[in-house]
Amino acid sequence: MLVELKKRLAEMKESVKVLRFGSVVPISGSDFIREVSQAPSDVWVVVILYKEGIAECGVLMQCIDELATRYPATKFVKIISTDCIPNYPDQNLPTLLVYNNGAVKGNYVGLRSFGRRCTPEGVALVLCQSDPVLNDGQNRNEQSREAVIEGVRRKFIEKVVADHEDRDDDGSSSD
């Protein structure tokens, strides 16, 4: 009984270590090196460069908020573009930067990077194309990456089917 309890406590401590994020954290330019470049090597950091009042930034921010909740072992931060990069052009917003081990691993400029319609599932698929950026914290291996990608694909298909059924239900189908 005591052995089981100790084992369970150790599992819970490990889980808390892995699931340490879960939201999009606002940072400033002075926080960038500490929060992004110096993040632990086992942590993927997704940075959204944005500005208030730009509609496209709001669309991507909604997607990122949902992904941050869904993948709490991935660190998500947001920073006003010009706080991060002086004179960064507004036409490049929103921009997603992906960091791991202190280096940029991905750079996605504008909503067009995520397909015709920007959805959390579409953003997740793009982020997971080449690296295990999104981590649900369940397993720390290639199987976990594949499980995340498969889950994203399944949610994407379910959403497309539901959207299509909704259109059929309201009589606006073009069939």
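Here are some questions and answers on how the terms used for this predicted model follow from its geometry.

Q: What makes the pair of Phe-32 and Tyr-99 edge-to-face?
A: Two values settle it. The ring centres of Phe-32 and Tyr-99 are 5.6 Å apart, and a pair needs centres within 6.5 Å. The planes stand at 75°, and over 60 degrees counts as edge-to-face. Phe-32 and Tyr-99 therefore form an edge-to-face aromatic pair.

Q: Why is the pair of Tyr-108 and Phe-114 called tilted?
A: The centres of these two rings are 5.8 Å apart, which is inside the limit of 6.5 Å for a pair. Their planes meet at 45°. Stacked needs under 30 degrees and edge-to-face needs over 60, so the pair of Tyr-108 and Phe-114 is tilted. The structure holds 2 aromatic pairs.

Q: How do you know whether Tyr-108 and Phe-114 are buried or exposed?
A: The cut-off for buried is under 20% relative accessible area. Tyr-108 has 18%, so Tyr-108 counts as buried. Phe-114 has 4%, so Phe-114 counts as buried too.

Q: What makes up the largest nonpolar core, and which residues have the most contacts inside it?
A: This core has 44 residues, and those with the most contacts inside it are Val-47, Leu-60, Ile-64, Leu-96, Val-123 and Leu-127. At least two core residues come from each of helix H2, strand S2, helix H3, strand S3, strand S4 and helix H5. As background, nonpolar side chains in soluble globular proteins tend to be buried together.

Q: Which residues is Val-47 in contact with, leaving aside its neighbours within four places in sequence?
A: Val-47 is in contact with Phe-32, Val-36, Val-77, Ile-79, Thr-95, Leu-96, Leu-97 and Tyr-99. Among them are Phe-32 and Tyr-99, the two partners of the edge-to-face pair.

Q: Why does Val-45 count as buried?
A: The relative accessibility of Val-45 is 1%, and buried means under 20%, so Val-45 is buried. Val-45 has its place in strand S2. Leaving aside neighbours within four places in sequence, the contacts of Val-45 include Glu-35, Val-36, Val-77 and Tyr-99.

Q: What makes S2 and S3 a strand pair, and which way do they run?
A: There are 6 bridges joining S2 to S3, and a pair needs at least two. The two strands therefore pair, and they run parallel. Within S3, Lys-75 stands opposite Val-45. The chain goes from S2 through H3 to S3 in a right-handed β-α-β crossover.

Q: How do you know that S1 and S3 pair?
A: Here the count is 3 bridges, against a requirement of at least two. S1 and S3 therefore pair, in parallel.

Q: What makes S4 and S5 a pair, and in which direction do they run?
A: S4 and S5 are joined by 6 bridges and run antiparallel. Val-98 has Gly-106 as its bridge partner in S5. The hairpin of these strands has 2 residues between them, and Asn-101 there takes a positive phi near 55°.

Q: What makes the phi of Asn-101 and Asn-87 worth a remark?
A: Most residues other than glycine have a negative phi. Asn-101 is not a glycine, yet its phi is positive, about 55°. Asn-87 has phi near 65°, also a positive value in a residue other than glycine. Asn-87 sits in the loop between H4 and S4.

Q: Why are Asn-87 and Asn-101 called exposed?
A: Exposed means over 50% relative accessible area. Asn-87 has 72%, so Asn-87 is exposed. Asn-101 has 55%, so Asn-101 counts as exposed.

Q: What is the form of the peptide bond from Leu-93 to Pro-94?
A: That bond is cis, with omega near -10°. Pro-94 is placed in the loop between H4 and S4. For comparison, most peptide bonds are trans.

Q: What makes the meeting of Glu-35 and Arg-34 a polar contact?
A: Their side chains come to 2.5 Å, and the limit is 3.5 Å. Arg-34 and Glu-35 therefore make a polar contact, side chain to side chain. Glu-35 lies in helix H2.

Methods
Residues numbered from 1 in each chain as written. Predicted model: local features only at pLDDT ≥ 70, side-chain atom pairs only at ≥ 80, totals over all residues. Heavy atoms only, no water. Core = buried A, V, L, I, M, F, W, Y, C linked by side-chain atoms within 4.5 Å. Buried < 20%, exposed > 50% of the residue type's maximum accessible area, 1.4 Å probe, protein only. Helix = DSSP H or I, 4+ residues; strand = E, 2+ residues; numbered from the N terminus. Contact = heavy atoms within 4.5 Å. Phe/Tyr/Trp six-rings, centres within 6.5 Å; stacked < 30°, edge-to-face > 60°. Polar contact = N/O pair within 3.5 Å; in protein donor to acceptor, adjacent residues only side chain to side chain. Right-handed = clockwise from strand over helix to strand, strands pointing away.
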